[in-house]
Amino acid sequence: MTRGQNTRGQNNRGRLIAIEGIDGAGKSTQAQLLADGLGAIHTFQFGATPVGALLRDILLDPANVNLDDKTELLLILADKAQHVSEIVEPALNGGTHVVVDRFGASTLAYQGYGRGLDLDVLAKMTLFSTGGLEPDITILLDIDLDMRSKRLGDNLDRLEQAEVACDSGPESGADTFISQVRNGYLELAAADPERWIVVDASGNSADIAATVLQHVKDRLSL
């Protein structure tokens with residue numbers, strides 16, 4: 001496994017910071033604000049490359065209701081591989097910091113804890129897709145599920161519609177799909193506190209951004 005700062009032994013290599021959390025946590029906004037604050041590249045998974053954009057269209061199209069969970073996983077991993085090859089690695093190798101909206105942890109949280117696919121297999125497949133690259137630090141933006149619902153509203157893509165369907169079915173309740181995803185994120189963060197920071201994302205966007213920026217600067221000595 002390689003972290004963003006030490007791949008290929010380059011001392012001037014950029015740092016990789018991932019912003020994670022359930023949909024509605026404000027990842028896209030906070031990732032852009034953090035990138036601005038660090039003078040870093042802001043990017044995202046999935047869909048940041050031309051190939052990834054095609055994959056994203058398939059993954060988010062509400063018409064693809066019969067997409068198998070394993071097919072979904074493979075499409076997401078294909079996006080990761082292209083994203084790292086085309087955007088992330090060249091930037092890091094050039095000494096530029098990268099802030100990414102989602103990285104490997106989202107696959108473990110959504111496809112593992114949420115969909116129920118084998119976590120050990122997912123971890124290996126995710127590392128294969130990223131060439132062993134992992135973030136130097138991951139910021140988990142955590143919100144409760146009521147706030148998530150208010151922020152998302154009714155305009156949902158295929159994945160969000162699937163989450164709502166899972167959460168409103170006969171097994172809905174404390175063990176809903178999205179609560180499993182959220183709990184999975186918190187478990188991942190608790191298991192690796194040196195590489196994760198959990199931030200309450202329920203407050204003012206500017207205050208959250210200031211907190212995230214300070215955490216990243218302190219942890220990575222930037």
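Tyrosine 110 is buried, with a relative accessible area of 9%; buried denotes under 20% relative accessible area, exposed over 50%, and partly exposed the range in between, with a 1.4 Å probe and protein chains only. The model is predicted: local features need pLDDT of at least 70, side-chain atom pairs count only at pLDDT 80 or more, and totals for chains, interfaces and linings use all residues. Residues are numbered from 1 along each chain as its sequence is written, and side-chain values use heavy atoms, with hydrogens and water left out.

**Aromatic pairs**

- The structure holds 2 aromatic pairs; rings of Phe, Tyr and Trp (its six-membered ring) pair if their centres lie within 6.5 Å, and planes under 30 degrees apart count as stacked, over 60 as edge-to-face and the rest as tilted.
- The ring centres of tyrosine 110 and phenylalanine 177 are 6.3 Å apart and the ring planes stand at 55 degrees, so this pair is tilted.
- Tyrosine 110 belongs to helix α4 and phenylalanine 177 to helix α8 (residues 177-191), so the pair links distant parts of the chain, 67 residues apart; helices (H or I, at least four residues) and strands (E, at least two) are DSSP runs, numbered from the N terminus.
- For tyrosine 110 and tyrosine 185, the ring centres are also 6.3 Å apart, but the planes stand at 80 degrees, so the pair is edge-to-face.
- Because tyrosine 110 lies in helix α4 and tyrosine 185 in helix α8, this pair ties together parts that are 75 residues apart in sequence.
- Tyrosine 185 counts as buried at 1% relative accessibility, and phenylalanine 177 does so at 5%.
- Tyr110, Phe177 and Tyr185 form one aromatic cluster.
- The C-alpha atom of phenylalanine 177 is separated by 7.5 Å from that of arginine 115, a residue 62 positions away along the chain.

**Salt bridges**

- A search of the whole structure finds 9 salt bridges, each defined as a side-chain nitrogen of Lys or Arg within 4 Å of a carboxyl oxygen of Asp or Glu.
- Glutamate 89 lies in helix α3 (residues 69-93) and arginine 13 in the loop between β1 (2-3) and β2 (16-20), so the pair ties together parts that are 76 residues apart in sequence.
- Glutamate 89 counts as buried at 12% relative accessibility, while arginine 13 is buried with a relative accessible area of 3%.
- The side chains of arginine 15 and aspartate 136 form a salt bridge at 3.8 Å, N to O.
- Arginine 15 is in the loop between β1 and β2 and aspartate 136 in the loop between β5 (133-134) and β6 (137-142), so their bridge ties together parts that are 121 residues apart in sequence.
- Arginine 15 and aspartate 136 are both buried.
- Arginine 102 forms a salt bridge with glutamate 20, with 3.8 Å between the closest N and O atoms.
- Since arginine 102 lies in the loop between β4 (98-101) and α4 (104-114) and glutamate 20 in strand β2, the pair ties together parts that are 82 residues apart in sequence.
- Arginine 102 counts as buried at 10% relative accessibility, and glutamate 20 is buried with a relative accessible area of 1%.

**Helix α9**

- Helix α9 (residues 205-220) has 16 residues and reaches 22 Å from its first C-alpha to its last, close to the 22 Å expected at 1.5 Å a residue; the expected span is 1.5 Å times one less than the number of residues.
- The buried residues of α9 are Ile208, Ala209, Val212, Val216 and Leu220.
- Viewed down the axis of α9, these buried residues fall within an arc of 100 degrees, so they line one face of the helix; the arc is that of the directions from the helix axis to the C-beta atoms.
- Ala206, Asp207 and Asp218 are exposed on the other side of α9.
- The buried residues of α9 pack against β2, α1 (27-38), β6 and β7 (196-200), where contact means heavy atoms within 4.5 Å.

**Overall fold**

- The protein has 9 helices and 7 strands.
- Buried residues make up 47% of its 222 residues.
- Of the contacts between residues at least 6 apart in sequence, 78% join residues at least 24 apart.
- The protein exposes about 10400 Å², of which carbon and sulfur atoms supply 51%; accessible areas come from the Shrake-Rupley method with a 1.4 Å probe, and for residues only the protein chains shown count as cover.
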